[in-house]
Amino acid sequence: MTVHQPTIASEPFSSLALSALPSPCYVIDEAKIEANLKILEQVQQASGAKILLALKAFSMFSIAPLVMKYLQGVAASGLNEATLGKEEFKGEVHTYVAAIRPHEFNALLNVSDHLIFNSVNQWHNYRDRALAYQNTSNTKIQFGVRINPEHSESDTPLYDPCAPCSRMGIRLEDFQQLNINGISGLHFHTLCEQEFAPLARTLDAVEKNFGETLHKLEWVNFGGGHHITREGYDLQGLIERITAFQQKYTVQVYLEPGEAIALDAGVLVTEVLDTLHNTMDLAIVDVSATCHMPDVLEMPYRPRLTGSGAPNEKPHTYRLGGPSCLAGDIIGDYSFDSPLQVGQRLMFEDMAIYTMVKNSTFNGINLPAIVLWNSQSQAMKIIKEFGYQDFKQRLS
Ligand SMILES: Cc1ncc(COP(=O)(O)O)c(C=O)c1O
């Protein structure tokens, strides 16, 4: 979900010894991650908000101890991420699921501290079981619902949960049907890579429409999409608004950014495999947009490449494409000071977020099982089913 496209190189990576690395590879700078975490810690301390890492953006659990030095826990999109959060991060686990798979409900209760329901139906279907579990278990699990503030701030419909016909969250008109008994918090998520002002406008909409309910709650989760660690973010504005919000409604505010934790903290190293010419100069590299950075095609956007310029800005312009058979596996057009050489290493920037997670299983959503069936005999064999271990083993 990387929208911003400044062409300057990520400074710390300029000293990276590219030739010593396997190619392709993601390289994550733990010093940059820690610098980001320290900014988030300042926000927590000054505002009283609790900040969680949204695993959907960055779920590198090998650095969980570093993350948990500063943050309170994780935001999970389903059972696999919640289990990973519980097992590896060991802090609070806040799970929001767009639609619960019935056979996973008990397990979700076991691993979550907050479980957030997406619709009136979902809450009403599971409410009795949820409250029975809350009364009998030793956990302090709390339940919430996601609201749709019907206030759009994103220019990209793909990333706008408040777009018309959105399936994300409960709109005010449906909220009236909700049995609020047993609900201790509200969650909303409306932003994508945004500054404080869009959050402030979203909060105005939330307060206007749900203000009465807010007074009855214990917590409000402002979701993700806050680019808090980006240079120039209005930290003071954020801190003041959270402080005022918490005082006005006597609630605990949570933020669950993903990108902000690993912003500009990773690169994707690639090698030139071949150069060729068809109307223009082309190069095939050993990373693939479709396999390794699908947002390039989904968004679409052109990732920053260290040392390169816009097309024709420098003397040698190439179209970089991946090694896959997909004709459209094209990363973008870039210009260079000298012709590209086979074996040369290149470095795509800001690649820690929404990359590794998208080429494992995004949101922790299991891959479909694979079944062999014979249409004549009706014989059927389940060849393979995927679960938590498959998800976890593709991460690090
Ligand atoms: C519910 C929810 N929370 C948190 C996030 C994390 O957002 P970001 O990584 O943009 O901060 C997302 C992203 O899509 C989300 O859908």
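1. Helix packing. In this predicted model, helix 1 covers residues 30-47 and helix 8 covers residues 235-249. The two helices pack at an angle of about 35°, and their axes lie 9 Å apart. Their crossing is right-handed.

2. Residues at the helix contact. Which residues of helix 1 meet helix 8? They are I39, Q42, V43, A46 and S47. On the side of helix 8, the partners are L235, L238, I239, I242, T243 and Q246. Sorted by class, this contact of helix 1 with helix 8 has seven nonpolar and four polar residues, and no charged ones.

3. The ligand's surroundings. How many residues surround the ligand? There are 13, and the closest are G225, E256, G258, E259 and Y354. The shell around the ligand is made up of four nonpolar, five polar and four charged residues. No charged residue takes part in the contact of helix 1 with helix 8, whereas the ligand shell has four.

4. A backbone N or O atom of G258 is 2.8 Å from an oxygen atom of the ligand. For E259, a backbone N or O atom is 3.0 Å from a ligand oxygen atom.

5. Cis peptide bonds. The bond from S23 to P24 is cis, with omega near -5°. P24 belongs to the segment before strand 1, which spans 25-28. The bond from M299 to P300 is also cis, with omega near -15°. P300 is found in the loop that runs between helix 11 (295-298) and strand 12 (316-321).

6. A positive phi angle. Which residue has a positive phi although it is not a glycine? T279 does, with a phi of about 70°. T279 sits in the loop between strand 10 (266-278) and strand 11 (280-285).

Conventions: Residues numbered from 1 in each chain as written. Predicted model: local features only at pLDDT ≥ 70, side-chain atom pairs only at ≥ 80, totals over all residues. Heavy atoms only, no water. Near = heavy atom within 4 Å. Polar contact = N/O pair within 3.5 Å; in protein donor to acceptor, adjacent residues only side chain to side chain. Nonpolar A, V, L, I, M, F, W, Y, C, P; charged D, E, K, R; others polar. Axes fitted to C-alpha atoms, helices over the stretch in contact; angles between N-to-C directions. Helix = DSSP H or I, 4+ residues; strand = E, 2+ residues; numbered from the N terminus. Left-handed = near helix turned anticlockwise from the far one by under 90°. Contact = heavy atoms within 4.5 Å.
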